[in-house]
Amino acid sequence: MAGIVSFGAYIPMLRLPFAAISGGGRKVASSGGGERAVANFDEDAVTMAVAAATDCLRGIDRASIDGVLFASTSYPYKEKQAASVVAKALDLRRDIATADFGGSLRAGTAALRAALDSVGAGSAKRVLVIASDCRPAAPRSAIERNIGDGAAALLIAGEGVAAEVEGRHTISDELIDVWRLDSDQYVRSWEDRFVVEHGYRDNVVEAVQGLFAKLGRTAKDFTKAALYGPDARSLATAAKALGLDAKTQLQDPLFGKLGNTGAAFAPMLLVAALENAKPGDTLLVASYGDGADAFALRVTDAVKGLTDRRAVRWHLERRAELGDYNTYLKFRNLEPSEFDRRAGAGVSATVHFRDRNEDISFHAQRCRTCGQEQFPFQRVCFGCYTRDDFDEVRLSDRTGKVMSHTFDFFAGSPAPPLIVTMIEADGGARLYLQMTDASATEVKLDLPVEFSFRKVHEYGGTPNYFWKCTPVR
Amino acid sequence: MNPEAIRDKVAIVGMGCCKFGENWDKAPEDMIVEAAFEAYEDAGITEPQKQIEAVFCGAVYPSRGTAEVADSLKLYGRPISMTQNYCATGTDAFRFGVFSVACGLYDTVMVVGFDKPKDRGISGPNVQTAGVRGLPMTPAGWFSLCAARYFETYGASREDLARIAVKNHHNGTLAPKSMLKKEITVEEALNAPIISWPFGLYDCCAQSDGAAVAIITKRELAKSFRDDYVLVKAVAISLEANPQTDPSFDFLRWKPTVSAAQQAYAQAGISKPFEQLDMAQVHDCFTLTELLTYEDLGLCEKGAAKDHIANGTFALDGELPVNTDGGLKTFGHPTGATGVRMIYENYKQLQGKAGDRQVKHRGGMALSHNIGGAPQACGIAIVGRD
């Protein structure tokens, strides 16, 4: 039966402490010392999706992936697919099915349903589902404190599953709860008590009870429940209505640590449940958004082969505080600046077209004659001067080391200095890369680094992606 | 390469240099005319339209190309070409001029290096963002990339760099045509805002406007212009792989200087540069560039630069004065002009006409050096008295 073969997650390193939210002439209610995950200035839903999928695909042959379903409410483009960018960055085959799911907080589990359907129907063997959100919230609003940025990835297949999907049930509903028009800069919402009572609770309870009825089970039959919740209290209320014991059965919703990751919230909690699951455990998953999706999963022995996933725990432990609220506003382009990061002509589509294998798939080339690896692509080998005799090799899942570095205060960055490094990738290719998610004090010669897909700049108003390096942690 | 093909075949008989600086009130035309007419006067040229047979220009920011020079000087009906070779642009224009005379095609030609970056409305170089890789494209960042590994390997520090800035600032106060005339201290240099580590503000040269001109002729005719002409001993250009791509780069030296020096020394017949050179004008776009150049030119052993800096070897009154006019540090760096401005300084020094900054020398050879790009290109000229 179809299910989850592998899982992965990504949570940005930076945390915004609620105590840091200040200014604007408004008193901000104290929120008990919590924090939320915030994307760095060079991250968005796409870059986080690539990172989560990279975690999910650890040790898995990327040529075996037949499809990518990308789910998000905050993908930067209105028109232009994200799944294809993610697939290219992951260096997947060209003859795969890609699609974006959006428009609803339920997009993540909608993509999961579609992947299960296509695997079940036999149209694909292995489909990658990635949910990622970096939702725009008005500065100092309640939503700003509620949400968190992050991504979760699930590899769906018909065999070799670590968690078998035993059943699912879905509800569709029409309700004005949260929304965002093309013309809206931020997420908007109706009064929260109405949304919780008639949106969230009604739908989740109905979906889960429908699932129970289908399977002939009750809350007691589940080891853990990974349930979407708009906030901790509403989640506890819904859990109680379903007969779940909040203390023992509920997956920690991570409010005050991560935040509500939108379309990636239920998938994120599922990944958190999976990384702690034992063979034989039964998991209940439910999402919410214009209805609700519920799933019942049974964990298999194969889960023991997935212990090297960074998933949720590793990412939660890796944290750095973004203590200055103005810097956060700058990161989100919410503070006027003399130099607009989105100004200028942007990148050339034709140059991008020619350089996609290097810039997006992060390929170097290896000389078939002398073995020298080099980046970017050359026609004539640096090592032996042979013409056009190269194999492409993928650098993105390798590591490297710092050959040299500088801290550039002149180049322009929302968080100066820009750390600029010369990297020698394993294999010998040299790379001139910016370092991200690092402080100047930790940079030193020969520091081991890994690679991360990022927005290298936003000229022309588009996210212009390339790879950066980040210290191995 | 035939190392004899250039040495002593060509003489510099006139040079001119406008005041370098933020020349808000001067167009390229004004600077070119000032430098060219100083060179005419210096060479005793009264009828340039008859006496100058060809013009070789170097500029990185020309607004109108060769016409900018032809129209300024009304030099028409003869070859005028323009070259661009990163920061070695001026030296490369000089090189083509020397070749044209050495091969016997012309008797007397003119070399014009100029640039006018201060019409762009920004104080530093452009931050370019053409694609997504190779960013940031900031010269300070590029040239600082040797610092971390060099410092760790040889125990040098920002203080050694600061001493170079202090020396060049001092020399610049004695050069009438320099832009900055301000003594600084090591402490001031160390405490200045960081531009790109390890470079603080005083480790970086400024951008400025400027033009410099050389009039060169074949050796046989030199005496008809003047007695104290200066001979061209060597002109070399070398390109190396971008250090950001080169899989074999060691971040302890800049390769273009090493390979250009080999060519130049072979042409000039130099085997012991420290002993055979009387002075050098080197490319101090950043202080570390000057430090590495001492070693890359073979003026001292690799790693020994900091000791020589501390001992004053390269000071105005040292054994081998370097950047006697204050260098790029005090003249700024109008890219196309810089190489020719350095030759101007060597020419004046060798003639004993360098005023307050005149160094004692043996009337031997003087070297000028530019390095630019990522860096990838180096130009070297060596001149000397007959």
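This is a predicted model: local features need pLDDT of at least 70, side-chain atom pairs count only at pLDDT 80 or more; totals for chains, interfaces and linings use all residues.
**Entry 1: chain B as a whole**

I then counted the elements of chain B. There are 15 helices and 11 strands. I took the extent of the C-alpha trace along its principal axes and got about 55 × 45 × 40 Å. Next came the radius of gyration. Chain B has 19 Å, and this agrees with the value near 21 Å that a compact globule of 386 residues would have.

I also checked how far apart in sequence the contacts of chain B reach. I took contacts between residues at least 6 apart in sequence. Of these, 79% join residues at least 24 apart.

**Entry 2: two helices of chain B**

I picked α4(B), residues 89-102, and α15(B), residues 335-351. The two helices pack at an angle of about 65 degrees. Their axes are 5 Å apart.

Which residues of α4(B) make the contact? I found B:Thr89, B:Gly90, B:Thr91 and B:Phe94. From α15(B) I list B:Thr335, B:Gly336, B:Ala337, B:Thr338, B:Gly339, B:Val340 and B:Ile343. I sorted this contact by class: seven polar residues, four nonpolar and no charged ones.

**Entry 3: where chain A touches chain B**

I turned to the contact between the chains. Chain A puts in 34 residues and chain B puts in 30 residues. On the chain A side, I looked for elements that give two or more residues. They are α11 (349-359), β18 (399-408), β19 (418-425), β20 (430-435), β21 (448-457) and β22 (464-471). β18(A) gives the most, with six residues. By class, I have 19 nonpolar, 11 polar and four charged residues on the chain A side.

**Entry 4: helix α8 of chain A**

Why do I call α8(A) largely enclosed by the rest of the structure? Because 10 of its 11 residues, within the stretch 265-275, are buried. The buried ones include A:Phe265, A:Pro267, A:Met268 and A:Val271. A:Leu269, A:Leu270 and A:Leu274 are also among them.

**Entry 5: A:Ala440**

Last, I looked at one residue in a loop. A:Ala440 lies between β20 and β21 of chain A. Is A:Ala440 buried or partly exposed? I count 14 other C-beta atoms within 10 Å, so A:Ala440 is partly exposed; buried would need 20 or more.

Leaving out residues up to four places away in sequence, A:Ala440 touches A:Phe407, A:Pro417 and A:Ile419. I also took the C-alpha separation from A:Ala440 to A:Thr406, and it is 9.1 Å. These two residues are 34 residues apart along the chain.

Definitions and conventions: Residues are numbered from 1 along each chain as its sequence is written. Chains are lettered from A and ligands numbered from 1 in the order in which they are written. Two residues are in contact if their C-beta atoms, placed from the backbone, lie within 7 Å. Helices (H or I, at least four residues) and strands (E, at least two) are DSSP runs, numbered from the N terminus. Ala, Val, Leu, Ile, Met, Phe, Trp, Tyr, Cys and Pro count as nonpolar, Asp, Glu, Lys and Arg as charged, and the others, Gly among them, as polar. A residue is buried if 20 or more other C-beta atoms lie within 10 Å of its own, exposed if 12 or fewer, and partly exposed in between; C-beta atoms are placed from the backbone. Axes are lines fitted to C-alpha atoms, for helices over the stretch in contact, and angles run from 0 to 180 degrees between N-to-C directions. The radius of gyration is taken over C-alpha atoms; the globule rule is 2.2 Å times the number of residues to the power 0.38.
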